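Please read the following points beside the sequence and the model.

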Amino acid sequence: MEEIQHVPAPPVEYDSSQPQLSEENLKSNTDTSENMAGVAPYTADQNPVNGNSAEIQTSYQSTENGAALEQPYVDGVYSVEEERLWNLVKANCLDFNSWTALIDETERVAATDIMKIRKVYDAFLAEFPLCFGYWKKYADHEGRLSGVEKTVEVYERAVLAVTYSVEIWVNYCQFAIQTYDDPDIIRRLFERGLAYVGTDYRSDLLWDEYIRYEESQQAWKNLAIIYTKIFEHPIQQFDRYFNCFKELAASHPLSELKSPEETAGESVQTKSETGTNGTDESSTKPPGTESLPSESEELEKFIAIREEMFKKAKEFEYKIIGFESGVRRPYFHVKPLDEPELDNWHGYLDFIEKEADFNKVLKMYERCLIACANYPEFWIRYVIHMEDSGNLELANNALARATQVFVKKQPEIHLFGARFKEQIGDIEGARAEYQLIYTDISPGLLEAIVKHANMEYRLGEKESAFGIYEKEIAVEQAKEQSQLLPMLIVQYSRFLYLVDGNLEKAREILSGSIEQMQLSKPIIEAIIHLESISPSPKRIDLLNSLVEKFITPNEENPNSSTEREDLSCIFLEFLDLFGDLETIKKATKKHNILFSRQRSVLSTRKRSSDDSFSSDRAKRLKTGVDQSQTQAQVQSTYPAVQTQDPAQAQWTAGAYAQKAPAPAPTYPATYPPQAGYAAYGGAYAGYNQPATQAYGAYPTSYAPQAYPTQSVAPVTVPVTPAAPVQSTPAVQPPYYGGYYTT
């Protein structure tokens, strides 16, 4: 199995003023802080709102993404089924079903072997760190076989891996409640989790757990504080929380509900209002005559403050409830999301970005990327937004998680990552990304090779750009059969002429390829285009011999009739511009001999069909049927004909006499449609989806390469029936800029 690298989600590190569960049990976790690097603390105006963690920092932990990086395993005896499943996941590390089957088999045959259990869970969670349910199962195994300390270690790794999951914090807090007697330890853990997920609309599970705990402790002050924090941001069942708060306020004295800060603040205010400022006027008032608010007035004020918070948050809930209703699957799963839910996430992010609250934006992106972790478009959007917000470190963190863990097998994210690294000056990182794509992730991906060479040219490394093409051409030539080789040669020739201005070498590359491999349409078409854009004289005799050899049918010519006719048409157009009359005459004659026969057969068949219609009409006339009467009967039977445009209702023999032009050949898109990067703005607005376009003005003669999709969640695009159109629709722009655009 390939070596896995992991990067944690930001932010994870929390203030040392908030102790962890216990100094002894979490010593191993605090020791990891010595290895932290790349810390990016929040600024003063970016502190999380709910909870007391006021100085949360972004950190890269030594246990990155919750994975045990250096975990010694002792190979034991495996069952036949275990061996089979291990081989499957080693062959395809993203085979989710095989992983889950392997976990089930390991738990069945090695229920008491903690080393086997650790090995399989560590390997699985390195690939799928967002599966909070498996973190819970792992922790339960450690608690059953190893004890509290190891269980805490697993939970700490879990909250590093999926920091913004409400469920994992609920599980961790439930474990703490069952394990520890010290309320302060448990409260600190609740506050730590709520600092990350307390504003999540679906965080009611964690808030309810916290409320139940404080009720069990009869800590009414703490309970009132919890409700106050809830009212800062809307969550599910918001009205229920406000009603519960009013019941709490009505059933307990106000002294049991006010926080120490409120009590101290009211004391200062009372002293100021009762004239204890040392003036002569206040000193003349007899004692006991001050007007103090009554208990009921104080209670009314206590509730009114929170009601105002509740109403403000309720207004915000009205704005987001539509988006929240559209979130049908807030957790991670390998199955793809449907298009409406993906669109809903994009709309939700658009709305939150307009709020201009960095904490809200950060948490919404992290929440979105739990459900949408398998979609590069959301990672790309996250990176771009973080960069535009001036948080380059968070942008790099998100890009690292995408390229190393979540969508590491999808070339799209690596192509974006290479361009992004070039933009920020990380040239070596950009080179590594390109090489990773066309040597490992998608071997021979033409777009990655072309973009890598173009980058080297931009950097002034022209020889390096040539070397990239020559090295890859040599690799393809060593193969017995290569579909990439013709396209690669075409690209190299184009690069030599358009960028370096070396016409002779460009011609040499194309001509040399003819001698080394079978004649192909892309090569001949590229030669035609090169001659058409290069200075005179044109090599018409060479082109004439190549085209004639290609279009002449024989046993050694595997080319289809469509390809042969297309190339012949392209050559005729070239000759019409640059050839003489004699050459045009010969080429046209050859074209007509080879390709007019098929059209003649089709025309003959249509004429036979027209004759049959004429024969029917003649028979009707012979039987004495009135033609106008027949037409009236037809119109009464098919009333739609009456409203039809007369120009379109000519069902006569002449309507079939002219052959409609054949539609231009279409080629499959390289990608399923996704949101274009242009929608995100920023420096990447022109970064579009990969596509292949023509070398010159002609359509491409080879099918574009398709990107392999990551097997865990192939993105499927629903097909909707096309609506009737009145005119030819505009051609949609490609997702990426093509190779041939300049």
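**Notes on the predicted model**

1. The structure holds 0 disulfides, a disulfide being a pair of cysteine sulfur atoms within 2.5 Å. Cys372 is in no disulfide, and the nearest cysteine sulfur, that of Cys368, is 3.9 Å away. Cys372 has a relative accessible area of 0% and is therefore buried; buried means under 20% relative accessible area, exposed over 50%, and partly exposed in between, with a 1.4 Å probe and protein chains only. Cys173 also counts as buried, because its relative accessibility is 1%.

2. This is a predicted model, in which local features need pLDDT of at least 70 and side-chain atom pairs count only at pLDDT 80 or more, while totals for chains, interfaces and linings use all residues. Residues are numbered from 1 along each chain as its sequence is written, and side-chain values use heavy atoms, with hydrogens and water left out.

3. Helix H23 covers residues 484–498. Helices (H or I, at least four residues) are DSSP runs, numbered from the N terminus. At 1.5 Å a residue, the 15 residues of H23 should span 21 Å, and its end C-alpha atoms are 21 Å apart, which agrees; the expected span is 1.5 Å times one less than the number of residues. Of the 15 residues of H23, 14 are buried.

4. Most residues other than glycine have a negative phi. Gln218, however, has a positive phi of about 55°. Gln218 lies in the loop between helix H9 (204–217) and helix H10 (220–230), and is exposed because its relative accessible area is 56%.

5. Ala356 likewise has a positive phi, of about 60°, although it is not a glycine. Its place is the loop between helix H15 (339–354) and helix H16 (358–371). With a relative accessible area of 70%, Ala356 is exposed.

Note on methods. Helix = DSSP H or I, 4+ residues; strand = E, 2+ residues; numbered from the N terminus.
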